[in-house]
Amino acid sequence: MMSSNVAQGSSYDVVIVGAGIAGSALAHALSTSAVACPSRTTPLRVALLERSLAEPDRIVGELLQPGGVAALRALGLGSCLDGIDAIPVHGYAVLDAGATVHIPYPDGAEGRSFHHGRFVQKLRACARAAPGVDLIEATATELIECPLTRHVVGVRARRRGAEHQESFCAGLVVVADGCFSNFRNAVVPDGSLAKLTVVRGHFVGAILEDVTLPIPKHGTVALVKGHGPVLLYQIGEHDTRILIDVKNPLPSNLKVSE
């Protein structure tokens, strides 16, 4: 029997929690691969849940290596790099004691760097347009387990602005809500993942305007004696990201964002 604060559920083939890079790409890939399968007459029904569909503002996943670009194109998502002011990346420059070492990508390979949020929004748009995919703004609060097999068969979630939760059930549930997942301990209850995680420091990030890098359109690694590296890479026509490694313990007046 369903509790009074949970609305009637919906049934899907796949439920994905998290519409970031992995979740959005997976939803699109499942939809398009199923459409191309001759044994299926209808697309897979995929529920893609994301707590906020606003453009993310995060310092993560801003430089896509050539292998990532190739994978994106293989998934039919290459257009997600268009129209977001993405910058071609041809390799790296390493700065050490005044010397610059050039490390180009082999065989003329090319990566891309960009504002993370703009890229995610393009991925979400492609997922939303894929046949059978429902992109839903809702916060997943609980995994639903079969009482007999203990297999995860769905999630409970609350849509934005809704009073009650509802259940989303599927034969496959994928949790892709990032490194700070709320469900990590539920899936691995013995805490073994937490024991393997050791935070040794943080990056402090900022955006520099109209900066010229030592080798344009290259990621830049500046080695600083006695300290961690400083990373720079261009993420737009006028924007260059700088990341400064700060070791533990962090200064008390340093704002830490997750």
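## Accessible surface and burial

In this predicted model, the accessible surface of the protein amounts to about 14800 Å², and carbon and sulfur atoms account for 56% of that area. Of the 258 residues that make up the protein, 37% count as buried.

## Secondary structure and contacts

The secondary structure of the protein consists of 5 helices and 14 strands.

## Positive phi at Ala97

Ala97 is not a glycine, and yet its phi is positive, at about 50°. The residue belongs to the loop that runs between strand E5 (91–96) and strand E6 (99–104). With a relative accessible area of 80%, Ala97 is classed as exposed, because the cut-off for that class is over 50%.

## Positive phi at Asp210

A positive phi of about 50° is also found at Asp210, which is likewise not a glycine. Asp210 sits in the loop that links strand E11 (201–209) to strand E12 (219–223). Is Asp210 buried or exposed? Its relative accessible area is 55%, and Asp210 is therefore exposed under the cut-off of over 50%.

Methods. Residues are numbered from 1 along each chain as its sequence is written. This is a predicted model: local features need pLDDT of at least 70, side-chain atom pairs count only at pLDDT 80 or more; totals for chains, interfaces and linings use all residues. Side-chain values use heavy atoms; hydrogens and water are left out. Helices (H or I, at least four residues) and strands (E, at least two) are DSSP runs, numbered from the N terminus. Buried means under 20% relative accessible area, exposed over 50%, partly exposed in between (1.4 Å probe, protein chains only). Accessible areas come from the Shrake-Rupley method with a 1.4 Å probe; for residues, only the protein chains shown count as cover.
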